[in-house]
Amino acid sequence: MLSIESELKTLKEGFRELGIYAEEHILDKFSIYLRVLYNCKGRLHLISNNDYRRISLKHFLPSLMILKFITNEQNACDIGAGAGFPSIPIKILKPEMNFTLFESIKKKANFLKYLIKELNLSGIKVIADRAEKYHDEKFDLILIRAAGKINVLIKTIDLLIAPEGKAVFYKTMAVEEEIRHSKNRLDKNNFSVKVENVYTPVEKIPMSLVFLTKKCSQ
């Protein structure tokens with residue numbers, strides 16, 4: 001049986017491990033997030049059926065693994081935002097950041113708009129189109145989770161990234177081959193690469209955060 005209470009218990013345990021102090025209004029927003037996801041189960045494919053009993057473990061907490069690496073970034077985007085991971089959990093914890101969510105599947109984009117309204121979030125918008133078609137602004141932080149391989153997305157990232165901005169891929173620790181396969185394109189587009197190997201809270205599942213940083217042109 002789906003349980004908001006058990007999910008929040010897991011979430012609070014993960015917060016403690018991450019050093020996050022979450023006031024009650026923060027937990028209330030995650031409770032709303034869970035309710036919205038539960039209500040969409042069976043009507044819209046957002047996450048796997050198995051993951052509906054472990055949303056905090058598989059989605060909320062892994063999304064937040066980047067928090068300790070965020071410094072002064074203020075303008076972020078999420079490519080292929082889907083169910084809102086990782087951007088919306090980060091937005092809940094860092095409401096001062098601005099977010100643009102790219103989701104080309106109309107039903108999922110509409111879900112995100114509804115979710116944002118239910119969470120009463122400001123400074124966040126949804127673009128119901130492919131990210132590579134967007135030319136209105138540049139971003140100092142680009143987030144990609146389960147939206148494609150590094151070499152395929154380099155061109156899109158290059159169009160969206162601000163000077164000295166960062167793009168972050170959420171990957172498994174078996175990412176080295178993917179990075180090697182992308183090396184020529186990364187060099188051509190003037191990106192440096194750094195990998196941070198981390199373990200998710202509570203479950204201790206290994207994952208890699210792959211940072212692409214746009215180097216300044218000489």
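**View 1. The cysteines Cys-40 and Cys-77 in the predicted model.** Cys-40 is buried, its relative accessible area coming to 9%, and the model that shows this residue is a predicted one. Cys-77 is likewise classed as buried, with a relative accessible area of 0%. Where a pair of cysteine sulfur atoms within 2.5 Å is required for a disulfide, the count for this model comes to zero disulfides.

**View 2. Helix H5, residues 106–119, and its length.** Just after H5, the backbone at Asn-120 takes a positive phi of about 55°.

View 3. Lys-108, Ala-109, Phe-111, Leu-112, Leu-115, Ile-116 and Leu-119 are the buried residues of H5. They cover an arc of only 155° around the axis, and therefore they lie on the same side of H5. An α-helix has 3.6 residues a turn, so residues three or four places apart point the same way. On the face of H5 turned away from its buried side are the exposed residues Lys-106, Lys-107 and Lys-117.

**View 4. Thr-200 in the loop between strands S6 and S7.** Thr-200 sits in the loop that lies between strand S6 (191–199) and strand S7 (206–214). Because its relative accessibility is 4%, under the 20% limit, Thr-200 counts as buried. When residues up to four places away in sequence are not counted, Thr-200 touches Pro-62, Met-65, Ile-205 and Met-207.

**View 5. The whole protein, as context for the close-ups.** The secondary structure comes to seven helices and seven strands, and from the N terminus on these elements run α-α-α-β-α-β-α-β-β-α-β-α-β-β. The radius of gyration is 17 Å, close to the 17 Å that the globule rule gives for 218 residues, so the protein is as compact as a globular protein of that length. Along its principal axes the C-alpha trace spans about 55 × 35 × 30 Å, and 51% of the 218 residues count as buried. Among the contacts with a separation of 6 or more, 70% are accounted for by residues 24 or more positions apart. The protein exposes about 11100 Å², of which carbon and sulfur atoms supply 49%.

Note on methods:
Residues numbered from 1 in each chain as written. Predicted model: local features only at pLDDT ≥ 70, side-chain atom pairs only at ≥ 80, totals over all residues. Heavy atoms only, no water. Buried < 20%, exposed > 50% of the residue type's maximum accessible area, 1.4 Å probe, protein only. Helix = DSSP H or I, 4+ residues; strand = E, 2+ residues; numbered from the N terminus. Arc of directions from axis to C-beta. Contact = heavy atoms within 4.5 Å. Rg over C-alpha atoms; globule rule 2.2 N^0.38 Å. Areas by Shrake-Rupley, 256 points an atom, 1.4 Å probe, with all protein chains shown as cover.
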